[in-house]
Amino acid sequence: MGLIKKYYKLVSVLSVAVCIMAACTVSYKFNGASINYDKVKTISFQNFPNRSAAFVWGPMESMFNTALQDIYMQQTRLKQVRQGGDLELSGEITNYDAYNKGVGSDGYSTMAELRMTVNVRFVNNTNHAEDIPDQQFTASREYNASQQLSSVQEELVQQMIDEIVEQIFNATVANW
């Protein structure tokens, strides 16, 4: 009889422990954002114009602006407003250029590098200690110089934009 009482006591204790563990859950969101949503609720973006002195590829400006807004809308709970957000992002594409990287024995270029640089200004109107007055973000991609830039440009520009947008996101709201 004593063994049965011990068994029921053990089952009772385990049942209570399971109920407590089921009631207490911890959730983590690994998207990189560390935002105090009690204070920061909105974000505003100014258009990032393409001011590259080297050369301009028409679709790049809209591709960049869309990707920048998308990352904040997809990975945070911030509401986008036209102006005066708790967080404000502005800047410009300052460089977009192609460079020869390697020369073959025949004297012609074998590799080329496409490079993009974006200047960013970030204002956190709830905590100005986190403001970024001006910061440059750069990405580059190499491609075989025997290819026409027009045949690889869209894919390479999208890769560079994705990299730069992630850098900007991490610098502004991922305060690890």
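How much accessible surface does the protein chain have, and what share of it belongs to carbon and sulfur atoms? I looked this up first. The accessible surface comes to about 11,100 Å². Carbon and sulfur atoms hold 53% of that surface. I note that this is a predicted model.

**Entry: overall fold**

I went through the secondary structure next. The protein chain has 3 helices and 5 strands. From the N terminus on, I read the order as α-β-α-β-β-β-β-α. Then I checked burial. Of the 176 residues, 36% count as buried.

**Entry: strand β1**

I turned to β1, residues 42–45. In a regular strand the side chains alternate between the two faces of the sheet. I then looked for the pairing of β1. Its partner is β2, residues 79–80, in the parallel sense, over 2 bridges. One residue I traced was T42, whose bridge partner in β2 is K79.

**Entry: largest pocket**

Rolling a probe the size of a water molecule over the atoms shows where empty space is left. I found about 150 Å³ of space in the largest pocket. Its lining has 14 residues. S34, N36, V40, N124 and E130 lie nearest the centre. Which elements give two or more residues to the lining? They are β4 (109–124) and α3 (149–173). I sorted the lining by type: 5 nonpolar, 7 polar and 2 charged.

How values were computed:
Residues are numbered from 1 along each chain as its sequence is written. This is a predicted model: local features need pLDDT of at least 70, side-chain atom pairs count only at pLDDT 80 or more; totals for chains, interfaces and linings use all residues. Side-chain values use heavy atoms; hydrogens and water are left out. On a 1 Å grid over the protein atoms alone, a cavity is a set of points where a 1.4 Å probe fits but cannot get out, and a pocket is an open set with protein on both sides within 12 Å along at least five of seven lines; lining residues have an atom within 4 Å of a point. Grid points are joined across faces, edges and corners, and a volume is the space filled by probe spheres set on the points. Helices (H or I, at least four residues) and strands (E, at least two) are DSSP runs, numbered from the N terminus. Ala, Val, Leu, Ile, Met, Phe, Trp, Tyr, Cys and Pro count as nonpolar, Asp, Glu, Lys and Arg as charged, and the others, Gly among them, as polar. Buried means under 20% relative accessible area, exposed over 50%, partly exposed in between (1.4 Å probe, protein chains only). Accessible areas come from the Shrake-Rupley method with a 1.4 Å probe; for residues, only the protein chains shown count as cover. Two strands pair if DSSP finds at least two bridges between them.
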